[in-house]
Amino acid sequence: TNRRFQNLYLSGGVFLGGTGSANELDDFETGTWSPQLEDSSGNDCGQAGQTGHYTKIGNLVYVMFAIEVNSKSGVGNALQISGLPFTVENVAHGSGEPSSGMMTFMNNLASADLNGNIINRANNASNFIELKYTTAGSTTGIGNNHLNASDIGSNTYMAGNCLYRT
């Protein structure tokens, strides 16, 4: 009981719960990334600060981010968060991408038409997260509208997450 490993370095993966390839943990990584709020044309919002963290286990990536916007000058429609640490998988499941996420906090919204949560969706074969929402009263277009620069104030703080495959 008084002898323990301090560190363990392996040249291959670790098998958990069996010896099949599905049981092999072959990749685990944590780190930081720099999220950038921009429009679909690549025009950046001015940011007073941003932070991003990620955990990658195999081909599954979980990102968290926080962005403080201080200017929307020159920014238009279809806001997105670029700079994901790993490219999103290029596989469509139905009509959407294999990802999910949400804003956990957002203030100084300029639009009253944001009916519920803003959906964070990592776009297929890209390095960005689309920001979408559902209009009030809609039952057929859930997450069908892009969050635009006109929907947020110049001093908006946002925090959120997204889970996607790489």
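Which residues form a nonpolar patch on the surface? Select Phe 5, Leu 8, Leu 10, Val 14, Leu 16, Leu 25, Phe 28 and Ile 57. Together they have about 830 Å² of accessible area. Keep in mind that this is a predicted model.

Leu 8 is found in the segment before strand E1 (14-15). Leu 8 counts as exposed because its relative accessibility is 60%, and the cut-off for exposed is over 50%.

**The nonpolar core**

Next, go to the interior. In soluble globular proteins, nonpolar side chains tend to be buried together. The largest nonpolar core here has 28 residues. Select Leu 37, Val 63, Leu 79, Ile 81 and Leu 131, the members with the most contacts inside this core. Then show strands E6 (60-71), E8 (99-106), E10 (128-133) and E12 (157-165), the elements that give two or more residues to the core. Strand E6 gives the most, with 5 residues.

Side chains of opposite charge can pair when their charged atoms come close. The structure holds 3 salt bridges.

Start with Asp 27 and Lys 56, whose closest N and O atoms are 2.3 Å apart. Asp 27 lies in the loop between strand E2 (24-25) and strand E3 (28-32), and Lys 56 in strand E5 (residues 46-57), so the pair ties together parts that are 29 residues apart in sequence. Asp 27 is partly exposed, at 25% relative accessibility, while Lys 56 is buried, with a relative accessible area of 8%.

Move on to Glu 89 and Arg 165, which meet in a salt bridge at 3.1 Å, N to O. Glu 89 sits in the loop between strand E7 (80-82) and E8, and Arg 165 in strand E12, so this pair ties together parts that are 76 residues apart in sequence. Is Glu 89 buried or exposed? Glu 89 is buried, with a relative accessible area of 16%. Arg 165 is partly exposed, with 34%.

Finish at Arg 121 and Glu 130, where the closest N and O atoms of the salt bridge are 2.6 Å apart. Arg 121 counts as partly exposed at 21% relative accessibility, and Glu 130 counts as buried at 10%.

How values were computed: Residues are numbered from 1 along each chain as its sequence is written. This is a predicted model: local features need pLDDT of at least 70, side-chain atom pairs count only at pLDDT 80 or more; totals for chains, interfaces and linings use all residues. Side-chain values use heavy atoms; hydrogens and water are left out. A nonpolar core is a set of buried Ala, Val, Leu, Ile, Met, Phe, Trp, Tyr and Cys residues joined through side-chain atoms within 4.5 Å. Buried means under 20% relative accessible area, exposed over 50%, partly exposed in between (1.4 Å probe, protein chains only). Helices (H or I, at least four residues) and strands (E, at least two) are DSSP runs, numbered from the N terminus. Patches are made of residues with over 30% relative accessible area and no salt bridge: like charges are joined within 9 Å, nonpolar side chains (Val, Leu, Ile, Met, Phe, Trp, Tyr) within 5 Å. Accessible areas come from the Shrake-Rupley method with a 1.4 Å probe; for residues, only the protein chains shown count as cover. A salt bridge is a side-chain nitrogen of Lys or Arg within 4 Å of a carboxyl oxygen of Asp or Glu.
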